[in-house]
Amino acid sequence: MRGNSPMKVAVAATAIALFATGCQKTETPPATSGGGILRINVVEPNSLIAGTSNDNPSIIIIKQLYAGLVEYDAKTSAPKNVVAQSIESTDNKVWTIKLKKGFKFSNGEETNADSFINAWNWTAYGPNAALNSEFLGSIEGWDDLQSEDPDKDGPLKAPDPKSKTMSGLKKLDDYSFQVTLAKAFVGFPAVVGYSGFYPMAKGCIDDVKACKEKPITNGRYKMESSWKHNVEVKLLRNDDYPGEKAKNGGLYYKIYDKVDTAYADYEAGELDVMEAVPPTKYKDAKSKFADVLFEKPNNSFTYLGFPLYLPQFQNVQVRQAISLAIDRQTIIDSIFDGRFSAAQGVVSPNFQGFRPNICDNCKYDPAKAKSLLDAAGGWKGGKLILWGNAGQQHEKWLQPLGDMLKKNLGIDYELKVDLQFVEYQQATNGKKVTGAFRLGWGPDYPVLETYLFPLYGTKGSSNNPGYSNAQFDALVEQGNAAKSLEEGIKFYQQAEDIIVKDVPVAPLWFGKTTNVYSKNVVEYKYNPISGSEFHEIALKG
Amino acid sequence: MLRYVIRRLLQFIPTVLGTLFLLHYLTSLAIQFTGNPVRAIFGDRNPNPQVLEQMTREFGLDDRCLTRKFDPCFSLFGERLNNIFLHFDFGQSLFPQRAVTDILDDSVWYTARLALIAFLIEVFIGLGAGVLAGLRSGSFADYVVRIATVLMISIPIFVLGVLARQFIGVWFGNIVRNDWGAPDWLGRGVFGAAYKPEYPWLSLLVPGIVLGSLTIATTARLTRSSLLENLRADYVRTAKSKGLAPKRVIGVHTLRNSLIPVVTALGLSLGAYLSGAVVTEGIFRVPGVGFTILTAVTRGEASVLLGITTFLVLVYLTVNLLVDMLYAVLDPRIRYE
């Protein structure tokens, strides 16, 4: 064995040659039914069974695999029927749902009333630990499917829930069923478009474990093979789909843990649609890929909450002053390269019923802020502590925000960004926050109510400021009980007016979707409610 | 020798048990101080307390000891040991829900391929360069090796990795793919920007070089200095004056002695590849062991951490044992009782 002996070189060369030739492709490209394969980046999903996933990566794929009762129109955001033929009610409490025929699961089963009833019962049943269980909570009888541990964490096992089926679900015949809600809600036809309400085949319920890896689906696409964890999920067009078929031959979701790596792969020509351009590459994308860059304000809302259980925040003029003293656009431009859109209200700019510029307190007016604060008797809270959860670099914008408050209102501030998310949520939920806190919110369904009641309703599930306003609650209820969605929206808008005047939270901004696509794409299509419309995107050649 | 090996194998047991307990205690502490990790799955919205409780129970995290700070949670530990050694059940991950043994089974093969490539590159290029530099000490080749290794050691791996991905994978790769019209396996496989399942070995070449870069440099330097030291030894002078052919003097006698410290380094680096590679796997999207550990740590997934670390401890112990046994082969003076 010497230096560069010919033997060593030969062995090395042979090894590399063997690798190159012998271990090349282990997979032939999928047999496409014409139309090409669209390649998309995604983060590892939680699960491909609709009832068990509430995370975005899972939902992106689930929406392509399954057909639910409704989906959302790209222009109006109104629900349009898919499997449902009609969803009707006279009192917004009891809904009769009639289904179309012809939607089949990949194992041959028909999509019928049972597919929905069984799916919803399975998701709601506590011991199944399905993450979307809460969404079914609007249906009567949900409580009977939950079980409570009698002695908390002690040695006694929790008893089985009283029932496996919800009393509010009644099958009328094979293709129609009745849903009784616990409380009237005009937006129910829109709610059922959320992926948590998608149907499940009986074959899936019988063997959930197998279904998790290779789901049984009834949508525009079907699984080409099992889910390759952390690597890819491959979908092929379902040519038996009775509705409008997909415009391409399949979807190839490549799983990337880091979005930077996905962007590098996009630059190397490996992706046709690259979703969520990383913030560090935003300027790069804007200059290099300007003609294939897509930007639109999206539905993710960021706000600064005020703990109304602390005396210094209880005067509405103090809260208005703080909100008016924040120059949102400057922060967005300097810290975020303009990637967000300043809030003009508390509801998403993409939703039916959005009105621009209705939030006077969201504008930047330091003079008015100062006069309001003086009228309230000045700031009595000592140092204002600005809370944010750790690890997301919130300090970057909380600091200039605090500086603005100091400059415009003379309020001294301190940052508290040391709590990890779980602890942080426990503090905000548990009403233990000692200052203003940053939080985010996203919609569950495209009805204004989702931005209103959960956050500001007295019994709202995420009412972290502890806000309670009987007039607001009444308006939301009136909206829920309205004869039609358009009428309901009028009430919701009045409720929104109360919030932007009372500012229990200072609305900050809505996110912006930034996607890039490749030159292979004929035309990129986007739905402000459900995201990129992959089934509508055709490929060239 | 056999008694030595058996003794070493028996020492595995307390090491593994001790590691398991330490990890168990640390992960329990983490949950006790930062809260229920199941809560994080719900994101911004507050979960219904009943749903949260049910899910916590599903994941086996409802033991009350997890709410008391500093509690060593012996009953939970006992349960875990019982599952591991009697049922071979390491528990489940939270998100997505998979058996830890499945996760390990999946991810080990990616890391094994990456580690093998890095190891082979390290052996051939690292050893080769080191021997070349050692034999031709003071020559141009020696200087090249010395400077190159310093550069490789001083550039941090995350810089090297990202640079390699951008320049080789994206910039150069685009030239290869678009301008030269190279065949698919070259353009997308070797010069791709990330791991591709269509080319399970080729697309790991560049990541393997990046992963091995630090150890190539250290191996080269170690071989070089070890060789230089041995070349000046008395026995070499004796052998030469005896009239042995230079090839035999260097090839058989000197190299064998120089390799002892190098073999240690190689063995340890193999262990490091299998366990570490976190940065490289993240940059090139290789869903291996390092990547799995990183996600488990960020999400506070105790079961996954315990399962994978147990596996890694066993790997390290085995590799160390093999390296020690290799000494006896290389140096006849070393004998174990």
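1. A word on terms before we start: helices here are DSSP runs of H or I with at least four residues, strands are runs of E with at least two, and both are numbered from the N terminus. That matters for helix 16 of chain A, which is followed by A:Val503, a residue with a positive phi, near 35°.

2. Some ground rules. This is a predicted model, in which local features need pLDDT of at least 70 and side-chain atom pairs count only at pLDDT 80 or more, while totals for chains, interfaces and linings use all residues. Residues are numbered from 1 along each chain as its sequence is written, chains are lettered from A and ligands numbered from 1 in the order in which they are written.

3. Back to helix 16 of chain A, residues 485-502. The expected span of a helix is 1.5 Å times one less than its number of residues. With 18 residues this helix should span 26 Å, and its end C-alpha atoms are 25 Å apart, which agrees.

4. Which residues of helix 16 of chain A are buried? Take buried as 20 or more other C-beta atoms within 10 Å of a residue's own, exposed as 12 or fewer, and partly exposed as in between, with C-beta atoms placed from the backbone. The buried ones are A:Leu485, A:Gly488, A:Ile489, A:Phe491, A:Tyr492, A:Ala495, A:Glu496, A:Ile499 and A:Val500. They pack against helix 14 (449-456) and helix 15 (470-480) of chain A.

5. Now chain B. You'll find 13 helices and zero strands there. Its C-alpha trace spans about 85 × 65 × 30 Å along the principal axes, and buried residues make up 40% of its 337 residues. Two residues are in contact if their C-beta atoms, placed from the backbone, lie within 7 Å. Among the contacts in chain B with a separation of 6 or more, 68% come from residues 24 or more positions apart.

6. Chain B is divided into domain 1 (1-89 + 301-337) and domain 2 (103-300); such bounds come from an automatic or database domain assignment. The centres of the two domains, taken over C-alpha atoms, are separated by 30 Å. Their contact takes 21 residues from domain 1 and 19 residues from domain 2. On the domain 1 side, helix 1 (2-34) and helix 13 (302-330) of chain B each supply at least two residues, and helix 13 gives the most, with 16 residues. By class, that side has 17 nonpolar, two polar and two charged residues. (Nonpolar covers Ala, Val, Leu, Ile, Met, Phe, Trp, Tyr, Cys and Pro; charged covers Asp, Glu, Lys and Arg; the others, Gly among them, are polar.)

7. How do the chains meet? 59 residues of chain A are in contact with 59 residues of chain B. Helix 13 of chain A gives the most to chain A's side, with six residues. By class, the side of chain A that touches chain B has 19 nonpolar, 24 polar and 16 charged residues.

8. Last, the cores. A nonpolar core is a set of buried Ala, Val, Leu, Ile, Met, Phe, Trp, Tyr and Cys residues joined through C-beta atoms within 7 Å. The largest has 206 residues, of which A:Ala321, A:Ala325, A:Leu452 and B:Leu114 touch the most other members. Helix 4 (residues 100-135) of chain B gives the most to this core, with 15 residues. A second, separate core of 13 residues includes A:Ala130, B:Val38, B:Met55 and B:Cys73.
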